[in-house]
Amino acid sequence: GLQQSKGKYYFEVILHKDCVVPQVGILSSEFLKTPYAASAQGVGDDANGWGVDGQNSARWHNGQAMAWGTVWPSAVLPTGERALSEDTVVGVAVDIDRRSVCIALNGVWENSAAFGPEEIPDGVSLYPAVSLKGRAGIALGPDFKHAPPPDGGFSPWPGGSGGVARLDCPHLGNSEVLRIYKEVQIHGEVSLKRNVQRLVAASKYRVKPKTQRSFAVRVAGVGAIAGTYQRVGAHADRPLYRSETGAIIYWRPESKTWCINDKEDFTAFRCCAPEDPNFDSNEPPRVGWATPDDECGILDAGIFKKALEDKGLRSDDVRRLYEVLNVKKDGHGLAGWFADRDLVFRQLNGRNFDNEWKQLNDPPFAAEEAWQAGVEASQQSLLADAGLAACEVVETAHPYEARTHTWHQEVKIPGADSLHVHFSQKCCTFDNCATARIFAGGLHRNAAGIGARVEVVPMGSTSKVWGTVCGGGAGTSAWTVRLDHRDDGALADSNAADEAGEAGVAGGDEEWPKEGDEVEARYKTGFWYKAKIIEIETEVDWYKAERVPVSYKIAWKDGEKEDIEKTPSQIRRVSVARENHKDLEDLPRYGSVPGSSSLCCALCLENPRSVQVKYSAGKKAPPVGDEIAAFKLDRGSPLAPVSVAGFTGTGPAQDAGVEAGWFLDLEKSMKGPSKSKLVQVFKGFGGVTIPEGTKPSIKVVNRLLDAIFGDLDEALKRLNSQVRGLSGVTLHFSNSCSPQQVKLLPEAFAQYSAGQKVGSEIEAFSLVGEVIRPRSFSSCGPASAAGVRSDWVLDIDRTLTHNPQGQAKAPKISKEKLLKNPDKLLNMSGITLVFTQPHPQKTKLFEAYGSAEGNPSSWECAELPGDVADFQLETDGDGKDYPDQRWGFWALVRGTDTPVPSSEKLEELAERWMDVRQKALGRQDEMSVERDGWDEARLRALCARHGWEFEWMTEDGERRRRVGELTAGDFG
């Protein structure tokens, strides 16, 4: 079933437009199912459910509507009900071991979990759930519209059948009388055998005229011989069936079996099944089909062994699997790529790979993962043999499924400046409602490094500061970010208006300040806060023969009542941030930290971690100082200036994972469980007072924190002399200056050293109008390291500002000269180029549909910028009866450095690739043989397979049956 008691899983719920009261989440195994009972309850309306409701911005558990910061797009229907105004995809990531549930809206993840250990008890088994009125679908994987959380480790929810399961039920009950059925709620798993009692079919299937009936059979789950088989005659007094590919189904009297062969040869077969005594002997049976060994998966023996050894399987185990399942090249009779190779079969003479894998002693990975490693190694071998080892192949299923869905695959060729895509001539979609698309360009986190521009959120703040990556970045676990501040020469592109915005003390304007003016006033802690002038005291200046201000009475904006008398030097204009900048000075608390230091950096981890450390209380309890040797101060790290210098012994901090160099989160610690204790340590700091017998308010704590950041040297003394002496205190630590990943900005600084020419990296620039772009790259350098690719644009004005003409070493260039010949930059060194990305998100750069053979030019793709592209196929599900027109696509993706393959070589590779892949994967689905159309025979066969009752529907038979069940007390 779907219930899981451990692990990390992901699923999606697709809520369609006009959906009403949707609640999405999980239920525990203790949830009480009440079939047939009317209920207005939804997921999370009892103690055994946890659900989110974006229409009402609520998190539901135990019937309580808890606050939630997410809103799903909604509108009011003519009926007065609130309903979704657009299709919405809700991603749900469940970490059962940590007892947390995270939610995403259309692929965008919340910053924190919706539910955690405080709401979800330990030891419960959980499964997906959704309640709603309207239309929806649930996808348990492996195909999703969006990715799981970026920290990784989430698997598709086990037990899914693939694709999207529709949860709406517009034909519940009598499919011809709909008006009494309006709503469906599905909680968790549905088993066809356990939860379905009977199938009631409309009479239209019983009285279907022969002209509308199909006597063909549909075969699925057997690779090349799958398809629709029409009756074309008889063989051995039984019907003979043939598919469009020439495969046949026939009766073999000598063995009394039905057989399927890939060609019209009655002496051989690919799979067979005995006659079903409970079924019409004139038709192939529905069950009992045995698949031949070479349809279940085959691999080259040498590739198989090397793949498993490279993955870490013991040599003895590899040899054991090989000896049981191998067939020598002269013993299998296969043609093509497999002809002269020793092979390993996934199933051979009654033994199979999966069962043999279970006999191994604690293998390091699962059987499916092991076989997939062999399949991928076979594919890489094909590319290497063709001289295309650095390329990637992207392909849909052949044919793709005839259902409404979007398939996508991301392709990356690390280090490539641009990508080239070559489609096979076999590419084909059913119509223009089945469209292939490629999205590329934009910002790529895995390409951004030194020189990339990012946004950082400090600990304990929602404000943001911008900076430039100066260490780490792409492919590393940490980013070192040089933070922007107004005195930084590297950012000297402020204009006169910016400078004017930083107005200083009073006196520059005879009219300023007047009563009622908003100002900034200096509080006794040394920090500046917003206030309003309410009274001005003046005196006569006898030299000027006029009255001049000598003091001001102010009203603090936050309501503070102390320190309201100010001199002119303690008043200044309200600071105005630089336009299009987020500087460190815009965060007053942190902006005062660096002092005279001009280099301000922040260490930001890709997976930031914060921990709460509680030290034991009691007379004999060891103090903080028994574990932490000292705290240290680094003014060059203004967002987290205090860190752990080292340890003198063991303790709870190290037990929680804290290491030397971790930062002390002053804000969380001061506002946490030990607020009162820590406030007493810093009491009186900067003149901040706390009346005796009162609890410190958040406003007081904030002013105290400002005072601490304003005098960190004295604060460090108290941390080392007093806080280290405390026991029974709770402190917060973090390994990162920011509680979340840095956010990429659509700009980059490429700084070339004095002896490094731009042309050593960029081969040429392109000029279209007044837009300059790097046309191509010859090597890796400052621009490509910062994430710049051929779709980025040179910001001419900011580049000139960053390289002012007045500097001795500045390059001599003007905007006019650049717009005439941008390649003049190539011979320059010691220059900083500023690039911007006009399209931060991936852009659709290719679209095609229909047949590549009929219109080859429509499947020709232009060069794609960057080293990553997202391939998609979106279809409305049409073409069910035309699999050849639903072939999908196959494409080779190469970087600029790889030679262009000829069309003949490409088609040969595509044919071999698909043949090897299909044979290597083997049959994935259970083989099925069914009537092509729905009639009484097929309906009864379906009921027999699942053990259901079957009956024909009368006008209101279903209504009477339900009333009877309720009257008899039969609640399932």
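The following questions and answers go through selected features of a predicted model, from the whole chain down to single residues.

Me: What kind of model is this, and which pLDDT do side-chain atom pairs need in order to count?
Reply: Residues are numbered from 1 along each chain as its sequence is written, and side-chain values use heavy atoms, with hydrogens and water left out. The model is predicted, so that totals for chains, interfaces and linings use all residues, while local features need pLDDT of at least 70 and side-chain atom pairs count only at pLDDT 80 or more.

Me: How many helices and strands does the chain have?
Reply: Helices (H or I, at least four residues) and strands (E, at least two) are DSSP runs, numbered from the N terminus. On that basis the secondary structure of the chain comes to 17 helices and 56 strands.

Me: What percentage of the residues in the chain is buried?
Reply: A residue is called buried under 20% relative accessible area, exposed over 50%, and partly exposed in between, with a 1.4 Å probe and protein chains only. Among the 972 residues of the chain, the buried share is 47%.

Me: Which residue of β54 stands opposite E392?
Reply: Strand β28 and strand β54 (residues 890–895) run antiparallel and are joined by 4 bridges. Within β54, the residue opposite E392 is V893.

Me: Are α1 and α2 roughly parallel or roughly antiparallel?
Reply: Helix α1 (residues 301–310) and helix α2 (residues 315–325) have axes 10 Å apart and pack at an angle of about 150 degrees. Angles under 35 degrees count as roughly parallel, over 145 as roughly antiparallel, 65 to 115 as roughly perpendicular and the rest as oblique. The arrangement of α1 and α2 is therefore roughly antiparallel.

Me: Which residues of α2 meet α1?
Reply: Contact means heavy atoms within 4.5 Å. From α1, the residues involved are A301, F304, K305, L308 and E309, and those they meet in α2 are S315, V318, L321 and Y322.

Me: How many residues of strand β40 are buried?
Reply: Strand β34 (residues 478–483) runs antiparallel to β40 and is joined to it by 5 bridges, with T480 standing opposite L603. Strand β40 (residues 601–605) is largely enclosed by the rest of the structure, because the buried residues number 4 of the 5.

Me: Is G473 buried or exposed?
Reply: G473 lies in the loop between β33 (465–472) and β34. Leaving aside neighbours within four places in sequence, G473 is in contact with A448, G449, A478 and W479. Its relative accessibility is 1%, so G473 counts as buried.

Me: How far apart in space are E936 and R206, C-alpha to C-alpha?
Reply: E936 is placed in helix α16 (residues 936–946) and counts as partly exposed at 28% relative accessibility. Leaving aside neighbours within four places in sequence, E936 is in contact with Y205, R206 and W952. E936 and R206 are 730 residues apart in sequence, yet their C-alpha distance in space is 5.9 Å.

Me: What is omega for the peptide bond that joins H398 and P399?
Reply: Most residues other than glycine have a negative phi, and most peptide bonds are trans. P399 is in the loop between β28 and β29 (404–412). The bond joining H398 and P399 is cis, with an omega of about 0 degrees.

Me: What is phi of K256?
Reply: K256 is found in the loop between β20 (248–252) and β21 (257–261), and K256 is exposed, with a relative accessible area of 60%. Phi is positive here in a residue other than glycine, with a value near 50 degrees.

Key:
Pairing = 2+ DSSP bridges. Axes fitted to C-alpha atoms, helices over the stretch in contact; angles between N-to-C directions.
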